[in-house]
Amino acid sequence: MNARLDYFGNKVGGKFMRTIISAGRGLADSPLSLTIQELVRMRASQINGCAVCLDIHTKEAAAAGETDVRINLVAVWREANVFTEAERAALEVTEQACRMADGGGVTDEAWANAAKHFDEDQLAALVGVISLINAFNRVNAIVQNPGGDYRVGQFA
């Protein structure tokens, strides 16, 4: 599979990508744990069908110490017993945010549940991570960037 457009190599696309990558760096030192950030990125990328982002975030999660079991079960987190209540709350908000077009967006119930586990700064970071990965997913899905070649730390 080849991408439709070398988005990074394009003057306009490259500038846009560097800008949103920079936004992601602003979330790196947020109070939301890296574990939850990567789980959210993986789940959103699964929902949005973004192979390259799923490639990136499964490898980054593994390099950060995430287990194969949890990486493999994030797609079915509701039926798996390996996620904490806080992780489940973040994954629920992620799923609802990614599926806004299916009816309504994030429910008050899902938000209230997340608010039980995260303070306002962590919630702000959660919204940022979800929003940013959705932007990356859409760019990559539109231009059909293939997954499989990512090396840990490649975009650091």
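Visitor: In this predicted model, which helix gives the most to the lining of the largest pocket?
Guide: Four helices each supply at least two residues of that lining: helix 1 (11-28), helix 2 (34-48), helix 3 (51-63) and helix 7 (120-143). The one that gives the most, with six residues, is helix 3.

Visitor: How many residues line the largest pocket, and which lie nearest its centre?
Guide: The space in the largest pocket comes to about 790 Å³. Its lining is made of 30 residues, and those nearest the centre are I56, H57, F136, Y150 and F155.

Visitor: By class, what does the lining of the largest pocket have?
Guide: Tyr and Phe count as nonpolar here, and Y150 and F155 are among the residues nearest the centre. Over the whole lining the classes are 17 nonpolar, seven polar and six charged residues.

Visitor: Which element gives the most to the largest nonpolar core?
Guide: The largest nonpolar core has 31 residues, and L32, V40, F118, L126 and F136 have the most contacts inside it. Two or more residues come from each of helix 1, helix 2, helix 3, helix 5 (85-98), helix 6 (108-117) and helix 7. The element that gives the most, with nine residues, is helix 7.

Visitor: Is E66 buried or exposed?
Guide: E66 sits in the loop between helix 3 and helix 4 (68-73). Beyond four places in sequence, E66 touches T35, L39, A61 and I71, and its side chain makes a polar contact with the side chain of R70 at 2.5 Å. The relative accessible area of E66 is 13%, and the cut-off is under 20%, so E66 is buried.

Visitor: How far apart in space are N48 and R138, C-alpha to C-alpha?
Guide: N48 lies in helix 2 and is buried, with a relative accessible area of 18%. Leaving aside neighbours within four places in sequence, N48 is in contact with C98, N134, N137, R138 and A141. N48 and R138 are 90 residues apart in sequence, while their C-alpha to C-alpha distance is 7.5 Å.

Technical notes
Residues are numbered from 1 along each chain as its sequence is written. This is a predicted model: local features need pLDDT of at least 70, side-chain atom pairs count only at pLDDT 80 or more; totals for chains, interfaces and linings use all residues. Side-chain values use heavy atoms; hydrogens and water are left out. On a 1 Å grid over the protein atoms alone, a cavity is a set of points where a 1.4 Å probe fits but cannot get out, and a pocket is an open set with protein on both sides within 12 Å along at least five of seven lines; lining residues have an atom within 4 Å of a point. Grid points are joined across faces, edges and corners, and a volume is the space filled by probe spheres set on the points. A nonpolar core is a set of buried Ala, Val, Leu, Ile, Met, Phe, Trp, Tyr and Cys residues joined through side-chain atoms within 4.5 Å. Buried means under 20% relative accessible area, exposed over 50%, partly exposed in between (1.4 Å probe, protein chains only). A polar contact is a pair of N or O atoms within 3.5 Å; within protein, one must be able to donate a hydrogen and the other to accept it, and residues adjacent in sequence count only if both atoms are side-chain atoms. Contact means heavy atoms within 4.5 Å.
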